[in-house]
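Here is my note on the structure you sent. The points are numbered so that each can be checked against the model.

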Amino acid sequence: YKFISHNSIKTIYIIDCMGKKEINGLSQSIFESYSSQLLQVSKNIDQDIQSAAELIINNSGKVVVCGLGKSGLIGQKIVATLCSTGTRSVYMHAAEAIHGDLGIYNPGDPTVLISKSGNTEELVRLVPILKEFQSPLIAIVGNMDSFIAKNSDIILNGTVEKEIDPLGVVPTTSSLVALAIGDALASVLMVKRGFDKKDFARNHPGGELGKQLALKVESVMHPLNDVAQIYENDSISSCASKMTKKPLGAALHLENDILKGIVTEGDLRKSIASNNDLSNSILDFVNNNPITINRSISILDAMKVMEDRHSQISCLPVVDSDGKCLGLVTLHDLYQTKLI
């Protein structure tokens with residue numbers, strides 16, 4: 001057995017007679033280190049992120065995010081998140097910037113510079129040029145004494161204690177922290193802009209999540225004529241017959257189209273199991289206080305109503321503000337919509 005400790009990351013290598021290595025405990029220590037370092041960064045950055053969001057909100061132009069290498073990849077993800085949450089953004093490759101990509105700028109466009117060292121040569125060369133563009137500079141850096149930090153309007157401190165790879169040199173923790181800072185900035189901007197689910201759905205018309213937010217219950221519900229309906233004189237047997245003819249998993253008790261209650265398949269099974277006489281009234285087994293849903297609710301919210309509870313609901317009556325029943329939506333309908 002060979003025990004190795006590197007930068008407080010405990011690793012156990014079990015070496016067999018063939019010289020092969022099996023690593024135990026490394027993955028867990030990585031997650032633990034990530035968590036503790038993210039928490040440490042979070043303690044001192046909140047106000048700076050709010051200031052950066054204010055700067056962006058107060059400038060009508062787009063946000064330009066610039067980085068190189070791993071920082072550049074993080075920058076591209078930050079741009080994608082900003083764009084999808086209501087902040088116009090573009091990514092500019094640091095090395096390509098001085099070879100024509102600076103043409104994307106309008107005067108005053110805020111720029112986010114991402115660099116662990118804060119002294120990345122390509123970014124350092126850009127700083128005086130961007131100042132000529134009157135571009136406010138927001139720095140996500142891991143070195144507060146660096147050139148980029150000292151020449152930026154707002155510094156988002158991404159300093160980390162250590163990288164979590166076994167060599168301690170691969171951009172791992174620093175990349176995750178920069179990404180988290182970008183996500184936090186996007187989230188603050190969402191709140192300041194009042195960006196809501198409708199806005200998100202409008203920006204994601206082709207994605208599954210966008211579909212779930214954009215589609216309403218009324219687009220997938222079964223109309224009232226397709227739903228089994230029971231009345232005062234219905235027996236257990238007649239209720240079972242109606243639910244067999246219209247197999248949506250429930251029957252509705254209505255009076256002048258006003259919802260009075262619901263019988264589900266589970267309720268029907270209980271009524272049959274507890275009664276030898278199927279001619280008895282089904283009304284004794286009606287749920288007179290059913291959970292309902294409005295037709296204008298998104299299918300994502302409908303799924304949450306049905307699933308986020310101790311016991312899942314498989315179907316929901318759809319009613320208007322006056323209690324008039326319009327139809328029924330089932331969990332199966334919602335899942336089918338997701339798959340289309």
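Predicted model: local features only at pLDDT ≥ 70, side-chain atom pairs only at ≥ 80, totals over all residues.

1. Q134 is exposed, with a relative accessible area of 59%, which is over the 50% cut-off for that word. The residue lies in the loop that runs between α5 (121-132) and β7. Most residues other than glycine have a negative phi.

2. N256 can be read alongside it. The phi of N256 is near 55 degrees, again a positive value in a residue other than glycine. N256 sits in the loop between β11 (250-255) and β12 (258-264). With a relative accessible area of 76%, N256 is exposed.

3. Next, the protein as a whole. It has 13 helices and 15 strands. Of its 340 residues, 42% count as buried. Take the contacts between residues at least 6 apart in sequence: 64% of them join residues at least 24 apart.

4. Which residues have the most contacts inside the largest nonpolar core? They are I138, I140 and L156, in a core of 26 residues. The elements that each supply at least two residues of this core are α2, β4 (63-67), α3 (70-84), β6 (111-115), β7 (137-141), β8 (154-157) and α7. Helix α7 gives the largest share, 6 residues. In soluble globular proteins, nonpolar side chains tend to be buried together.

5. Leaving aside neighbours within four places in sequence, L156 is in contact with I45, D48, I49, A52, I138, A139, I140, V141 and I181. Apart from the core of point 4 lies another core, of 17 residues, with V127, L137, I148 and A149 among them.

6. Now to the packing of helix α2 (residues 46-57) on helix α7 (residues 173-193). Their axes come within 9 Å and cross at roughly 55 degrees. The crossing of the two is right-handed. From α2, the residues that take part are I49, Q50, A52, A53, E54, I56 and I57; they meet I181, A184, L185, V188, L189, K192 and R193 of α7. Sorted by type, the residues of this contact are 10 nonpolar, 1 polar and 3 charged.

7. Helix α1 (residues 26-42) also packs with α7, at an angle of about 45 degrees and with the axes 10 Å apart. These two helices are therefore oblique to each other. The crossing of α1 and α7 is right-handed. Y34, Q37, L38 and V41 of α1 meet T173, L176, V177 and A180 of α7. This contact divides into 6 nonpolar residues, 2 polar and no charged.

8. Is T173 buried or exposed? T173 counts as buried, because its relative accessibility is 1% and the cut-off for buried is under 20%. This residue lies in helix α7. Beyond its neighbours within four places in sequence, T173 is in contact with Y34, Q37, V160, K162, E163 and I164. Two of these names, Y34 and Q37, come up in point 7 as residues of α1.

Notes
Residues numbered from 1 in each chain as written. Heavy atoms only, no water. Axes fitted to C-alpha atoms, helices over the stretch in contact; angles between N-to-C directions. Helix = DSSP H or I, 4+ residues; strand = E, 2+ residues; numbered from the N terminus. Left-handed = near helix turned anticlockwise from the far one by under 90°. Contact = heavy atoms within 4.5 Å. Nonpolar A, V, L, I, M, F, W, Y, C, P; charged D, E, K, R; others polar. Core = buried A, V, L, I, M, F, W, Y, C linked by side-chain atoms within 4.5 Å. Buried < 20%, exposed > 50% of the residue type's maximum accessible area, 1.4 Å probe, protein only. Parallel < 35°, antiparallel > 145°, perpendicular 65-115°, else oblique.
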